[in-house]
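Open the model in your viewer and keep the selection tool at hand. The stops below are in the order in which to select them.

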Amino acid sequence: MPPGQLTLYLMTRKGLAVLEAIVAKFGPPAVRRVIGARDTAVAEDYYDAIRERAAAYGIPAVDRRDAAPPAVDEPCLAVGWRWLITGTQRLVVIHDSLLPRYRGFAPLVSCLVNGEPRIGATALLASEEYDEGDIIAQDSVDITYPITAGAAIELLAAVYVRLAVTVADRVVSGDELTGRPQDHAAATYSLWRDEEDYRVDWSWPASRIRRLVDAVGHPYRGASTLVEGRLARLRAVAERADVAVENRTPGKVIFMADGCPVVVCGEGLLTITDLVDDETAASLLPLRRFRTRFR
């Protein structure tokens, strides 16, 4: 293969931003090929956008199911990738956290739900155990709450661009892809998420529930709750000053505010300002009954 070329495994908005940045900085010849994949877990996976942009640059783009495995010495960069990449010994992964914290799955969502004041990403060498490889570079950005997933992703896209350009510069220059070892004793982990993890636990404080709603909103499926036995998606909520409730029962509606239910949480109150049926996406506001319990 020609020297100084990078194979890109790309998904999500961040993957598209990385492709555009590398081509803008080093030109299309810096990219050997682009490999993409569909993601049914998000509303917009950027699969088509990435393929179309690669085609416009004259760069071969293929689906992961049709892609030949990389050669042992083929430099590769993975962004938002969810599958094992075997063959190459020169694989760099960009991970959505400041490692060694938040190793594992959906780290950005976990950071936002936990209220971290800073989010970032790490370019690291792939390792046998996930997210344990040597760190090539890290970058971060401070955030304030409330913040939506979409806004956080846009901030991280810029971080990804800076990290990807750093990696590509080494490849184009013919430098070795080396990094510094992580402090494994300081590692923390973020578990994989499934549909159960989208469900709101109304015993949580209102602030944490709001962070969950914001963190798993678009482009993700959205936080969920049961309303009269039907699954609904919480698209937007707002915190409200707490009141003294003698028989506090999280999930019960306590007030109505301009047609929006105010719900008791473990601590604090939340006003639900956008609530839709999971199947039809039809609005469920105003509620049919004041005496509604969210489960």
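Predicted model: local features only at pLDDT ≥ 70, side-chain atom pairs only at ≥ 80, totals over all residues.

Residues are numbered from 1 along each chain as its sequence is written, and side-chain values use heavy atoms, with hydrogens and water left out.

**Whole protein**

Start with everything selected. Along the principal axes, the C-alpha atoms fill a box of roughly 70 × 40 × 30 Å. Colour by secondary structure to find five helices and 14 strands; helices (H or I, at least four residues) and strands (E, at least two) are DSSP runs, numbered from the N terminus. Of the 295 residues, 44% are buried, where buried means under 20% relative accessible area, exposed over 50% and partly exposed in between (1.4 Å probe, protein chains only).

Select residues 118–125, strand E7. Seven of its eight residues are buried, so the strand is largely enclosed by the rest of the structure. Two strands count as paired if DSSP finds at least two bridges between them. Ile119 has Val141 in E8 as its bridge partner.

**Cysteines**

Show Cys76, which is buried at a relative accessible area of 0%, and Cys111, which is buried at 6%. The structure holds zero disulfides, a disulfide being a pair of cysteine sulfur atoms within 2.5 Å.

**Helix H4**

Select residues 149–173, the 25 residues of helix H4. From its first C-alpha to its last, H4 reaches 35 Å, close to the 36 Å expected at 1.5 Å a residue; the expected span is 1.5 Å times one less than the number of residues. Its buried residues include Ala149, Ala152, Ile153, Leu156, Tyr160, Leu163, Val167 and Val171. An α-helix has 3.6 residues a turn, so residues three or four places apart point the same way. After H4 comes Gly174, with a positive phi near 80°.

**Backbone details**

Next, go to Tyr46, which is not a glycine but has a positive phi of about 65°. Tyr46 sits in the loop between strand E2 (31–36) and helix H2 (47–57). Ala106, also not a glycine, has a positive phi of about 45°. Ala106 is in the loop between E6 and helix H3 (107–113) and is partly exposed, at 32% relative accessibility.

**Second largest pocket**

Finish with the second largest pocket, of about 200 Å³. On a 1 Å grid over the protein atoms alone, a pocket is an open set of points where a 1.4 Å probe fits, with protein on both sides within 12 Å along at least five of seven lines; lining residues have an atom within 4 Å of a point. Grid points are joined across faces, edges and corners, and the volume is the space filled by probe spheres set on the points. Select the lining, including Val245, Arg248, Lys252, Ile254, Phe290 and Arg293.
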